[in-house]
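Welcome! Have a look at the structure below, and then let us walk through it together, one topic at a time.

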Amino acid sequence: MADRQIQSVALTIDGREVEVPKGLGLVEAAAVAGIEIPVFCYEPRLGPPVGACRMCLCEIEGTPKLQTACTLTAQDGMAIRTAQTSEKAAQGQDATLEFILVNHPLDCPVCDKGGECPLQDLTFRYGPGATRMTFPKRTFEKPIPISPAIALDRERCILCYRCTRFSESVSEDGQLVARNRGARTVIATFEDEPYRGRFSGNVIELCPVGALTSTQYRFEARPWEIQNVPSICGLCPVGCNITASTREGKVKRVLSRNHPEIDEGWLCDKGRFAFTHLHARDRITDPLRRVRRRGLSAISWDGALEEAEGMLRKARGRIVTALSGSETIEQAYGLAKLLRQGLGAHSAVLPEETNDALDRFRLPLSALREAELIVIVGDDPVAERAPVVDLWLRAARRAGAEVVSLGVTGTVQRPAGTAAETCRELAGPGSELGGRLRAADRAIVIWSGPGGRGGTLLAGLAGALGLDGKKSSGAFYLPATPNGRGVGEAWAAASDEEEANPEPIGLLVVSGDEAAADPGVRALAERAESVLATTMFQSLAVGWADLVLPGTSYLERDGTYRNLEGRLQRLRRTVIPPAPDELAWTAKLAERFGVALSPHPSLVFEELSAKIYRGVGLGEIGERAPLPAAAAPATAPDLSADPARAVAAPGMRLLTYRALFSGAAVERVPELQFQRPAREAELSSEDAGRLGVTDGDVIDVRSNGTSVRLATRINRALHAGVVRVAVEHARGLESRVQLEKPSGEVLR
Amino acid sequence: MPRASVVLADADERDLTKLDEYRAVGGYGALRSALALEPEQIIAELTGANLRGRGGAGFPMGRKASLIAKDSPKPTYLVVNADESEPGAFKDREIMLRTPHRLIEGCLITAHAIGSTSVFVYIRGEYLTEFEVLRTALEEVRQADLLGGVTIVLHRGAGAYICGEETALLDSLEGKRGLPRPRPPFPPVTGLYASPTQINNVQTIATVPKILELGSKEFAKLGVKTSPGTAVFSLSGNVVNPGNYELELGTPLRELIYDIGGGIPNGRAIKAIIPGGSSVPVLTPDQLDTPLDYNSIQAAGSFFGSAAVMVIDDRCCMVQLALRAAQFYMHESCGKCTPCREGTRWLVQLLEKIEDGRATHSDLDLLLSVCDRILGKSLCALGDFAVYPVSSYMAKFRDEFEAHVEQGGCPFAGESSIEGIVAPVELHERKSLSGSVDG
């Protein structure tokens, strides 16, 4: 693909000669010539142009009728006259604008879009100053909630069909449709069901008028009162680029900010709507000290630092630190410096295993769309782990790529937990699919699931397939945490000392909400003499933490994250947190232990970068971070067998997954509640048939004295022998479970 | 000019819905000889016959077939447009009802010519009887083993005028909402399922067997040089003998209306003639000597269209008729492109105001301006179709529109009737099969 010859053609637009690649759209070609061809419906990211709005009508020499520039591509010798020089084209454009406006309400002063509305802008630039329409305008019931997060105003809708095209050909959920026809056409959800999907919020941004608005942002701010801060979403390892609109120190909305290699301007609903967790009712804004068993009371910062110092000293190095993987690199490094250099506390519970084994196979996510063969191994749905990757996979499929997934719900079904074996098989000489991966020019392998040793297994596969030798081939490992790798690297960079396991644990330091919510960490706390936790929410700290320091959100921090491609990206403080951030108080504490630590993330990054990132500066990362070149890893790839797995025990295997719409932030956002995973146990149709249960049947899933009551859902794509449950509904269950009817009858 | 018989040949004498009867008059002989020819030879015959598409646009069929992409790795499809929905047109219905085998034979010959083994016949949803006749005929053909490996699919539409537009028809056939597609790409390159596709009207396809039978030279002797052959004219409106009449192209309008159609009932005066279905500009009595062929009608300022000749006598109020046409096109606008969706509604609002007597002279100018702003700017031809009746009635009967303004109401009030020309509004709404119209 990279070798494809690009032929250039010469054409004239409004008398200006331009040379552009053949096949470039005329709207873009005109832009090259410095000429604006206004559009409403045209949006190349939505697939082929539809020519619906007629705003881009132009005169093409040799064609008697006006043509839509958006549906035509540059050809050699073409002569185009836009509305700027052609009277006829100008009449066409006037006509279009007048027709769009005849039924459009004049409610710009109260419309959320007013001030940043393409229709308003183009009307100011090209439109009539007065209306000739004297009849009553079309009216509809409004606004209609098409989901708890999105409101639809059909009167404002100009029927550009961007939203339905997004739903049909980008997210491919098919839930937004046009109903009726002609002047009675309206946008609707299929069967009036709520628009449920991982990417529904993108239609708000796609809408060129105020027809689709965010219920969170409705009447919250006007474009001229807001400040837009470019940052990075910190809720999954993709690291989509975002803009946070803030007003009076509060985040009012989150928009996508197109990074063509990472997200192409799409954002999942978690990234878009979860920001209101900043204002959660149980947000911690002051340090808290435990009183009695389940009480917490606010204390001063001086008191808190005093107490923290005391706890750290008292533990005498018998300290374990549990990290979340959502800390910035700077935060994690600061904590590591304090604890490791200041206190010799080297023991840490890292959120997940990460390493650099895949750096040799590094690619931008956008390479997925160019791929010819993509193979995904692992049991976790890609969309739950790294949602935007799912969009890239869909785009790849539409572009003709073959996408094969090998896992418990894969296109090729595998028993649960056999991804490592699958990798070994693919790498072996006998695998037909492996052979095709070797033969393909552009082959990509992806690990989506638990295990995988931070990518070393996948690196073993990619190496065996020779993917590092091919330009557009590579591998992606989908981590479980947004910045697990950066956190791991930062922790490691602070000291070379070996880690020891203190027993008993004097102090457990819990960093962040994910660690605070982790049952494994809670179990450690049972064995610890005291617990110092940093978290945003009181309910995550109640009953087990002795001292709680307020946590901050990714939207409130300056710092860097490392995403799943290995790209370092910059988080910006979009709003000031309600309390000093982690790095600030870590630096204060560090001072008490004689450790030099700057409270400024940029200086911390400089120090760390010199150690482990070859001195790369924040300036080089910039607002749209570049992808570092593929690098030789220090970690050896590994395809060796896993330690012997448990032999088959009675009952069924429980497979849990972390749903995209889960976690401390999502739980605190009313608009996202309807998207959270249902209390369901997924069964294969084979197992359901064997056990005599059907969709909706209530069953108890039991293991070792714990029982969870769930509704059965038959998933035809699921491999037999597995019960799949969202992790939040499987608390306390072990990996082998038994199914029972509510009557107590055991299903077997 | 004499009555001619090409697509309806022998249908008066025999029941050509039966395979045996059709075979008795030489039916499927053309197919046999066509299968012995190379595809290029058939296309050459069609090109030589200069058979122009009878669906309305008049594009030469042979040239269309020669545009089919030859190097495509995808299959080639033949699609027959039997979604006859233009007010005034009912010729395809007659052909399907009376000579279904000629249509099927035409399909098989054309499929061979373009190298296709899949034929889709998209039939207007309301044409249930026609569908059943075709289905029976197709079953006979299947049992007689005449298909030769070609699959013919009969697909019933769901009651949308727009699906007669060829690209909307393709979308509908694919199971999508029937909306026209932008062109390019054109169907011969990217048509049904993004594959090369030939789309023809029922009558065009049903003419193919006769061209093979007669030979292109003999066929070209029928009609006029620029438009050889025959057309089935659907004569309707205020005329004594409405019906379908197959005539050679070039037959004067007067002959059709007076000699064949028996003239205007009750000795009334003729006021206007719509020569090609409700979407084409109107002609006036002084144009009665216009020969009915593509070029002549175009020279007279209208279009041949679907050969649906609608006769209007002096009782008719042209504003009411324009309103009725505008209502139809508003109702049938698909809603995809702005000018048609918004413009047709505005036209109706303006025409209602005029007919009601609430309009001023400036409203008449606004009406023309709205027409002008739709014309040539919509995605498909439906926008233009909505404009032609309104703008041509205004151009030729402006005094009638002005009378509405000046008298503050319809000068024909109580007398005027558009019945017999087009269905009244209420009737159309009630009998609409277009599904949900709420909104």
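**Two helices of chain A**

H2(A) and H3(A) are oblique to each other. This is a predicted model, so please read every value here as computed from that prediction.

- The axes of helix H2 (residues 87-102) of chain A and helix H3 (residues 118-126) of chain A come within 11 Å, with a crossing angle of roughly 135 degrees.
- Angles over 145 degrees count as roughly antiparallel, and this pair crosses at roughly 135 degrees; the pair is therefore oblique.
- The crossing in which H2(A) passes H3(A) is left-handed.
- Which residues meet here? From H2(A) come Gln93(A), Leu97(A), Ile100(A) and Leu101(A), and they meet Leu119(A), Leu122(A), Thr123(A) and Tyr126(A) of H3(A).
- Sorted by class, the residues of this contact are 6 nonpolar and 2 polar, with no charged ones.
- H3 of chain A also holds Arg125(A), which counts as exposed because it has 10 C-beta neighbours inside 10 Å.
- Arg125(A) and Ala315(A) are 190 residues apart in sequence, and their C-alpha atoms are 69 Å apart in space.

**Chain A as a whole**

- Chain A has 22 helices and 34 strands.
- Its radius of gyration is 28 Å, close to the 27 Å that the globule rule gives for 748 residues, so chain A is as compact as a globular protein of that length.
- Along the principal axes, the C-alpha atoms of chain A fill a box of roughly 85 × 65 × 60 Å.
- Buried residues make up 53% of the 748 residues of chain A.
- Among the contacts in chain A with a separation of 6 or more, 71% are between residues 24 or more positions apart.

**Chain B as a whole**

- Chain B has 18 helices and 8 strands.
- For its 439 residues the globule rule gives 22 Å, and the radius of gyration of chain B is 22 Å, so chain B is as compact as a globular protein of that length.
- The box filled by the C-alpha atoms of chain B is roughly 70 × 45 × 35 Å, taken along the principal axes.
- Of the 439 residues in chain B, 58% are buried.
- In chain B, residues 24 or more positions apart account for 73% of the contacts with a separation of 6 or more.

**Where the two chains touch**

- How many residues does each chain give to the contact? Chain B gives 27 residues and chain A gives 30 residues.
- On the chain B side, the elements that give two or more residues are helix H13 (318-332), helix H14 (338-356) and helix H15 (361-374).
- H14(B) provides the largest share of that side, 9 residues.
- By class, the side of chain B that touches chain A has 9 nonpolar, 10 polar and 8 charged residues.

**H14 and H15 of chain B**

- The axes of H14(B) and H15(B) come within 10 Å and cross at roughly 160 degrees, and these two helices are therefore roughly antiparallel to each other.
- H14(B) passes H15(B) in a left-handed crossing.
- Residues of H14(B) in this contact include Trp346(B), Leu347(B) and Leu350(B), while those of H15(B) include Leu366(B), Leu367(B) and Val370(B).
- This contact of H14(B) with H15(B) has 10 nonpolar, 1 polar and 3 charged residues.

**A closer look at Asp171(B)**

- Asp171(B) sits in helix H8 (residues 166-173) of chain B.
- Is Asp171(B) buried, exposed or partly exposed? With 19 C-beta neighbours inside 10 Å, Asp171(B) counts as partly exposed, because a residue needs 20 or more to be buried.
- Leaving out residues up to four places away in sequence, Asp171(B) touches Lys176(B), Arg177(B), Gly178(B), Leu179(B) and Arg181(B).

- Most residues other than glycine have a negative phi, and most peptide bonds are trans.
- Lys142(A) and Pro143(A) are joined by a cis peptide bond with omega about -15 degrees, and Pro143(A) is in the loop between H3 and strand E6 (144-147) of chain A.
- Pro184(B) and Pro185(B) are also joined by a cis peptide bond, with omega about 0 degrees.
- Leu159(A), which is not a glycine, has a positive phi of about 50 degrees, and with 26 C-beta neighbours inside 10 Å it counts as buried.
- Arg453(A) has a positive phi near 50 degrees and lies in the loop between strand E21 (443-447) and helix H14 (456-464) of chain A.

How values were computed:
Residues numbered from 1 in each chain as written. Chains lettered and ligands numbered in written order. Predicted model: local features only at pLDDT ≥ 70, side-chain atom pairs only at ≥ 80, totals over all residues. Helix = DSSP H or I, 4+ residues; strand = E, 2+ residues; numbered from the N terminus. Rg over C-alpha atoms; globule rule 2.2 N^0.38 Å. Buried ≥ 20, exposed ≤ 12 C-beta atoms within 10 Å, placed from the backbone. Contact = placed C-beta atoms within 7 Å. Axes fitted to C-alpha atoms, helices over the stretch in contact; angles between N-to-C directions. Parallel < 35°, antiparallel > 145°, perpendicular 65-115°, else oblique. Left-handed = near helix turned anticlockwise from the far one by under 90°. Nonpolar A, V, L, I, M, F, W, Y, C, P; charged D, E, K, R; others polar.
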